[in-house]
Amino acid sequence: MNNLNPLKAQPYSMKILFVIASDRFLDMGYTVPKKLLEEHGIECVTASTVRGNCYGMQGEIAQADLTINDVDPAEYDGIIIDGGIGCQDELWRNEKLIDITNKIGTSGKVAAAICLAPVILGEAGLLAGKKTACFETPATVRVLTLDKAEVSHDNVVTDGRIVTAKTPFDAEEFARAILSVLL
């Protein structure tokens, strides 16, 4: 984010929900977008399956402000779901998260996911007939195809108010795409 010019003293009364796995979340998929949004005055709240310490695949330790069960989707202007191995293990079949994601996405708010997390957008019914980027594994492609998504080979895809990305190396472009949809 070296070439980023943050908007100075322009507060936005936006509140974004970040969702991460409690163990083995995608470090850059969480920290890079969160930092960029916060630099633009957007309030970021982190939820996970537990409150407190969450552990990234590369050693990052993040604090979950609340559990997924404590989230009220009406309080947020969007949702960003982080990937990583823990996402597939903990979040893919989390019915409460799928419901929250559906409520946020179907109300016209931003819904974004990176790496393995676009599966959650698909399971929430947000990707039917839409293009999506994801970390392409047999499991992600199978689930997204069943959810009627069009899996793109692009690194970052914006389709309406939905933003998806493939890998942690796409985190900055992913973050900028989210910001452009929000603002």
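Colleague: Which residue in β3 is the bridge partner of V19?
Modeller: This is a predicted model, where local features need pLDDT of at least 70 and side-chain atom pairs count only at pLDDT 80 or more, while totals for chains, interfaces and linings use all residues. Residues are numbered from 1 along each chain as its sequence is written, and side-chain values use heavy atoms, leaving out hydrogens and water. Strands β1 (residues 15-19) and β3 (residues 43-48) run parallel and are joined by five bridges; strands are DSSP runs of E, at least two residues, and helices are runs of H or I, at least four, both numbered from the N terminus. In β3, the partner of V19 is A47.

Colleague: What angle does helix α3 make with β7?
Modeller: Helix α3 (residues 95-106) packs on the sheet and touches β1, β7 (78-81) and β8 (110-114), a contact being heavy atoms within 4.5 Å. Axes are lines fitted to C-alpha atoms, for helices over the stretch in contact, and angles run from 0 to 180 degrees between N-to-C directions. Between α3 and β7 the angle is about 135°.

Colleague: Which strands stand at the edges of the sheet?
Modeller: The open, mixed sheet has seven strands in the order β6-β3-β1-β7-β8-β12-β11; two strands pair if DSSP finds at least two bridges between them. Two of the strands have a single partner, so one side of each is left without a neighbour in the sheet. These are β6 (66-67) and β11 (156-159).

Colleague: How far apart are the end C-alpha atoms of helix α1?
Modeller: Helix α1 (residues 27-39) has 13 residues, and the expected span is 1.5 Å times one less than that number. The helix should therefore span 18 Å. The end atoms agree, at 18 Å.

Colleague: Is F25 buried or exposed?
Modeller: F25 is in strand β2 (residues 23-25) and touches residues including I20, Y30, C54 and Y55. Buried means under 20% relative accessible area, exposed over 50%, and partly exposed in between, with a 1.4 Å probe and protein chains only. F25 has 0% relative accessibility, so it counts as buried.

Colleague: Which helix gives the most to the lining of the largest pocket?
Modeller: A pocket is an open set of points on a 1 Å grid over the protein atoms alone, where a 1.4 Å probe fits, with protein on both sides within 12 Å along at least five of seven lines; lining residues have an atom within 4 Å of a point. The largest pocket has 14 lining residues, with L26, M57, Q58, G84 and P168 nearest its centre. At least two lining residues come from each of α1 and α2 (85-91). The most, three residues, come from α2.

Key:
Lists of a residue's contacts leave out its neighbours within four places in sequence.
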